[in-house]
Amino acid sequence: MTHAVSDPHFAAYSFVDRITQFDAGMRARGTFAIPAQIDAFPSALVAEAVGQLAAWVAMDAIDFRGRPVAALATETRLLGDATPGARLDLAVDLQQCDDDAVAYDGHASIGGRRIVELADCLGPMLPVADFDSPDALRERLALLREGGAREGRFDGVDDIAVNVATAVPGKSLHATIDVPSAAPFFADHFPRRPVFPATLLLDLMMRGAMDVARAPEALGPHARATRITHVKMRSFIVPSQRLEVEIALGPVHDSAAKAMLSAKTDGKLVASARLEVVVANDR
């Protein structure tokens, strides 16, 4: 559980503390200190941190006329876990950036070891002013580049219930998620247009997929996620929406399987992804 932060803007869902290298329109390096007091910092949020660093470079490149929203990676490789108290080293390299979209690659490391890699990311640009104050964002970027923000701002995210409707052990899961009507992260993502973060939804779906994969009828308790592909966000998810989540695990072959993840609202598909899972070989 969390408690409300005094000012959730740039605190409740912001994962860059400091930008240590900034080549305008090209690349950036930065850090984020994962607070020691939170329960966990899942891989989906590590990927979010990389994407946020890229967003700072992209917004600056077009003078804060637009911002990337729902930037998606063609492939996200999950190489290790992030633990509370660790420091993330973030890196992004832009291939293209204009008023329509930003394309980039990126990664996150802890102690010199990469834990997440994002390949061929594409973020469509939408007008900044629809989501946040351009002046506030300019000031924040200056702070990140000049001295850095106060570490430890992030206080975690309150548990969001995944209500399982039906489940076939080792095969599938159908559940519902009720998006909160209010939460601190909405004031950060985004102040002028609250949107349920795609990475939070992805994390919830990944957890469900791992529950299915770790069943004795599938890969067992030592299964781990290694790669996410085919991620698509088709529309914004707003406060109070109900999501219907479907997880389907494919056949196990050579101690590996693929899970199809999807979320619908009012019968309309809003998000989908494919998760690759293997039996860990380090046990």
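Buried means under 20% relative accessible area, exposed over 50% and partly exposed in between, with a 1.4 Å probe and protein chains only. This is a predicted model, in which local features need pLDDT of at least 70, side-chain atom pairs count only at pLDDT 80 or more, and totals for chains, interfaces and linings use all residues. Residues are numbered from 1 along each chain as its sequence is written, and side-chain values use heavy atoms, without hydrogens and water.

View 1. Helices (H or I, at least four residues) and strands (E, at least two) are DSSP runs, numbered from the N terminus. P134, L137, R140, L141 and L144 are the buried residues of α2. They sit on the same side of α2, because their arc around the axis is only 120 degrees; the arc is taken from the directions from the helix axis to the C-beta atoms. Exposed E139 and E146 are on the face turned away from the buried side.

**View 2. Helix α3, enclosed.** Of the 16 residues of α3, 13 are buried, so the helix is largely enclosed by the rest of the structure. Its first and last C-alpha atoms are 22 Å apart, close to the 22 Å expected at 1.5 Å a residue. The expected span is 1.5 Å times one less than the number of residues.

**View 3. The largest pocket.** A pocket is an open set of points on a 1 Å grid over the protein atoms alone, where a 1.4 Å probe fits, with protein on both sides within 12 Å along at least five of seven lines; lining residues have an atom within 4 Å of a point. The largest one has a volume of about 1000 Å³, the space filled by probe spheres set on points joined across faces, edges and corners. Its lining has 40 residues, with A40, F41, P42, S43 and D203 nearest the centre. α3 gives the most, seven residues.

**View 4. Strand β10 and its partners.** Two strands pair if DSSP finds at least two bridges between them. β10 pairs antiparallel with β4 over three bridges; R77 is bridged to R227 of β10. Eight bridges link β10 to β13, also antiparallel. There, A225 has V277 of β13 as its bridge partner.

**View 5. Strand β11 and its hairpin.** L243, V245, I247 and L249 form the covered face of β11, while R242, E244, E246 and A248 form the uncovered one. β11 runs antiparallel to β12, with six bridges. In the hairpin of these strands, D254 has a positive phi near 55 degrees.
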